[in-house]
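Let's take a friendly walk through a protein chain together. Have a look at the sequence and the 3D picture, and then read on.

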Amino acid sequence: GKTSAVLLSPDVALPGGKVRARFTYRSDSKPAVKHVVRVKPVAPGAEPFTAPNSPTGTAGAWKTWEAVLDLKDAPAARFEFHFWNAGPDAPVWVSEFELLPADAPPAAAAPVPAPGGPAGGWRGDFAAVAPFEATG
């Protein structure tokens, strides 16, 4: 059957309300598989929403997903990345997660980013996270 993996971000301060979210990932699922990015603005009365263009399976290749998201002037948000795979032996890799100003240029053609963070944004550093495997 299908399995899923969820990556949760911390609350991230985002002044300005709109942000370009970008992450580089790789999954063993087929390109027809739609993964989901959920955004949860941290503000009274703010409604969570699903990013408008879902990332897709990559059949083992690296791919960069990005979207400009309107957080409706929320001062912060948290992000959930839901990956759907064919089974427990179908891994997901994430090499980078960035939050940039909405007017930042789209990602370059190179799919695997160089080390270092973006200017004027926030970057999740996954290099220090120990590999893990869920079984069950």
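The report below starts with the whole chain and then turns to a few of its residues.

## The chain as a whole

What you see is a predicted model. The chain has nine strands and zero helices, so its pattern, read along the sequence, is simply strand after strand: β-β-β-β-β-β-β-β-β. Of the 136 residues in the chain, 33% are buried.

The average pLDDT of the chain is 76, with 72% of the residues scoring at least 70. Confidence is highest in strand β5 (residues 49–50), at a mean of 92, and lowest in strand β9 (residues 122–124), at 49.

Where pLDDT is low, the predicted coordinates should not be read in detail.

## Aromatic rings

The structure holds seven aromatic pairs. In one of them, the ring centres of Phe23 and Tyr25 are 4.9 Å apart and the planes meet at 45°, so this pair is tilted. Phe23 and Tyr25 are both buried. Phe23 also pairs with Trp65, again in a tilted arrangement, with 5.4 Å from centre to centre and 45° between the planes. This second pair links distant parts of the chain: Phe23 lies in strand β3 and Trp65 in strand β6 (residues 62–70), 42 residues apart. Trp65 is buried, as is Phe23.

Which residues do the ring pairs link into a cluster? They are Phe23, Tyr25, Trp65, Phe79, Phe81, Phe83 and Phe97. Another ring, that of Trp93, has a charge over it: the charged end of Arg26 sits 3.9 Å from the ring centre.

## Two buried residues

Is Ser27 buried or exposed? Its relative accessibility is 0%, so Ser27 counts as buried. Ser27 belongs to strand β3 (residues 18–27). Beyond its neighbours within four places in sequence, Ser27 is in contact with His35, Gly57, Thr58, Ala59, Gly60, Asn85, Pro91 and Val92.

Glu66 is part of strand β6. With 17% relative accessibility, Glu66 counts as buried, because the cut-off is under 20%. The side chain of Glu66 makes a polar contact with the side chain of Arg20, at 2.7 Å. Setting aside neighbours within four places in sequence, the contacts of Glu66 include Arg20, Ala21, Arg22, Asn53, Pro106 and Ala107.

## An exposed residue

Leu8 is in strand β1 (residues 3–8). Leu8 counts as exposed because its relative accessibility is 57%. Apart from neighbours within four places in sequence, Leu8 is in contact with Phe79 and Glu80.

How far apart are Leu8 and His82 in space, C-alpha to C-alpha? The distance is 8.9 Å, although the two residues are 74 residues apart in sequence.

Technical notes. Residues numbered from 1 in each chain as written. Predicted model: local features only at pLDDT ≥ 70, side-chain atom pairs only at ≥ 80, totals over all residues. Heavy atoms only, no water. Helix = DSSP H or I, 4+ residues; strand = E, 2+ residues; numbered from the N terminus. Buried < 20%, exposed > 50% of the residue type's maximum accessible area, 1.4 Å probe, protein only. Contact = heavy atoms within 4.5 Å. pLDDT = per-residue confidence, 0-100. Phe/Tyr/Trp six-rings, centres within 6.5 Å; stacked < 30°, edge-to-face > 60°. Lys NZ or Arg CZ within 6 Å of the ring centre and 35° of its normal. Polar contact = N/O pair within 3.5 Å; in protein donor to acceptor, adjacent residues only side chain to side chain.
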